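Please read it with the structure open.

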Amino acid sequence: MSFKAVLRGCGAFLPEKVLTNDDLSKRVDTSDEWIRERTGIRERHVASEGELTSDLAAHAARAALKDAGLTADDIDLIIVATTTPDLTFPSTAAIVQAKIGAGAGAAFDIQAVCTGFVYALSTAEKFLCAGQHKRALVIGAETFSRILDWEDRGTCVLFGDGAGAFVLEAQEESEAGDRGVMASFLRCDGRLVDLLYVDGGVSATQSTGYVRMQGNKVFREAVTRISQAMVAVCEEANVPVTDIDWFVPHQANERIIQGVVKKLDLRNDQVISTIAGQGNTSAASIPLAYCAGVADGRIKKGDLVLFEAMGGGLTWGAALMRV
Ligand code: ACO
């Protein structure tokens, strides 16, 4: 039997607390004007004390299940993409499974920093298409605010917290029709670890550490690698890039998004951008942006959607899906 991984529903969650650029300019030597011009960010959501990555993920998961018309009992695979897990172990996925009351099935985390959701989506698709699992919750969830050095203006202005979730279902090709994940492309170049990393961890320092980034070097790598990944998935699916309905990028920097749009001859009205109000929510940014596009009626069932991301590792990738 041949299966496809079809999107049944999506859900999003943002913490209530908002931090504006002006708020940040009281903490570090920066300004609303600098942040908006260099990144496109106006404000970001930040988790409150005691509000954990698994809490954000569980809220998004419940919203996605509701959107899909399913319950937690219907789920037999949970993959959480996160760089900011609740604990070193067990996985945040295991904690989310308990919080939403899902039954038996597999649950694990994926760590590919900002590319995490694309890695998770591609992994879930393989499990579903292999016939090993029936319905997956694929979640991107982060409390990046917890690993920021709030005295480093080069990084603390960029990130925000949040979570987004997809429910994917294995459907036989006859039922799925042309819907489903069509292609994905995942890459990592570990020689570039130094461009973007956290200066602590279980084995190295027995602490969490803070984000360190050579932002301008990451920026220089971004447009080329992201564009290559997008072209690769479109070629695999035999679809011209310009035929997509929606471009849902990882929301790292509005200038990177614009660079890709220009390089691939896309139109600005094909782009779903949430960066102004959310900043870079790492693995959560793609499902959050997708949900925003669905919520305001732009993305509709049957549309062709292209996702991309790049993050620490360096990792990068893309996925193409008819929703
Ligand atoms: N406010 C004011 N000035 C600042 C700030 C700030 N918040 N941050 C840096 N500056 C200063 C720098 O100190 C530097 O000053 P100098 O010229 O006196 O030395 C100047 O601004 C220029 O710094 P650059 O780093 O060259 O600025 P750039 O235009 O590259 O913008 C940015 C910085 C926004 C970080 C950009 O490089 C970027 O977006 N990089 C990519 C980030 C990314 O995509 N990350 C991947 C995903 S994240 C993940 O995986 C965890």
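**Notes on the predicted model**

1. Starting with a single side-chain pair: His 250 and Asn 280 are joined through their side chains by a polar contact of 3.3 Å. A polar contact is a pair of N or O atoms within 3.5 Å; within protein, one atom must be able to donate a hydrogen and the other to accept it, and residues adjacent in sequence count only if both atoms are side-chain atoms.

2. On provenance, this is a predicted model, in which local features need pLDDT of at least 70 and side-chain atom pairs count only at pLDDT 80 or more, while totals for chains, interfaces and linings use all residues. Residues are numbered from 1 along each chain as its sequence is written, and side-chain values use heavy atoms, with hydrogens and water left out.

3. His 250 sits in the loop between strand 11 (246-249) and helix 9 (254-263). Helices (H or I, at least four residues) and strands (E, at least two) are DSSP runs, numbered from the N terminus. With a relative accessible area of 4%, His 250 is buried; the term means under 20% relative accessible area, with exposed over 50% and partly exposed in between (1.4 Å probe, protein chains only). Setting aside residues up to four places away in sequence, His 250 touches Cys 114, Ile 257, Asn 280, Ser 282, Ser 285, Ile 286, Glu 308, Ala 309 and Met 310. Contact here means heavy atoms within 4.5 Å.

4. Which residues come nearest to the ligand? Of the 28 residues around it, they are Thr 30, Arg 38, Cys 114, Arg 153 and Asn 253. A residue is near a molecule or strand if one of its heavy atoms lies within 4 Å of it.

5. An N or O atom in the side chain of Thr 30 is 2.7 Å from a nitrogen atom of the ligand. Arg 255 has a polar side-chain atom 3.1 Å from a ligand oxygen atom. On its own the ligand has 1,000 Å² of accessible area, of which the protein covers 74%. Accessible areas come from the Shrake-Rupley method with a 1.4 Å probe; for residues, only the protein chains shown count as cover.

6. The shell around the ligand takes at least two residues from each of helix 2 (32-39), helix 6 (153-156), helix 8 (215-237), helix 9 and strand 12 (304-311). Helix 8 gives the largest share, four residues. By class, the shell has 14 nonpolar, ten polar and four charged residues. In this scheme Ala, Val, Leu, Ile, Met, Phe, Trp, Tyr, Cys and Pro count as nonpolar, Asp, Glu, Lys and Arg as charged, and the others, Gly among them, as polar.

7. The chain is assigned domain 1 (3-176) and domain 2 (180-322); the bounds come from an automatic or database domain assignment. Their centres, taken over C-alpha atoms, are 14 Å apart. Across the boundary, 53 residues of domain 1 are in contact with 47 residues of domain 2. Each domain supplies at least three residues of the shell around the ligand.

8. Two cis peptide bonds deserve a look. One joins Phe 89 and Pro 90, with omega about 0 degrees; Pro 90 is in the loop between strand 4 (77-81) and helix 4 (92-100). Another joins Gly 313 and Leu 314, with omega about -15 degrees. Leu 314 belongs to the loop between strand 12 and strand 13 (315-322).

9. Positive phi values also need checking. Val 113, not a glycine, has phi of about 50 degrees and lies in the loop between strand 5 (106-110) and helix 5 (116-129). Val 113 counts as buried at 18% relative accessibility. Gln 206 has a positive phi near 55 degrees, in the loop between strand 9 (196-198) and strand 10 (211-213). At 64% relative accessibility, Gln 206 counts as exposed.

10. Tyr 210 is in the loop between strand 9 and strand 10 and is partly exposed, at 39% relative accessibility. Beyond its neighbours within four places in sequence, Tyr 210 has contacts that include Ile 147, Asp 149 and Tyr 197.

11. Ser 54, in helix 3 (residues 53-68), counts as buried at 0% relative accessibility. Not counting residues up to four places away in sequence, Ser 54 touches Asp 86, Thr 92, Ile 95, Val 96 and Lys 99.
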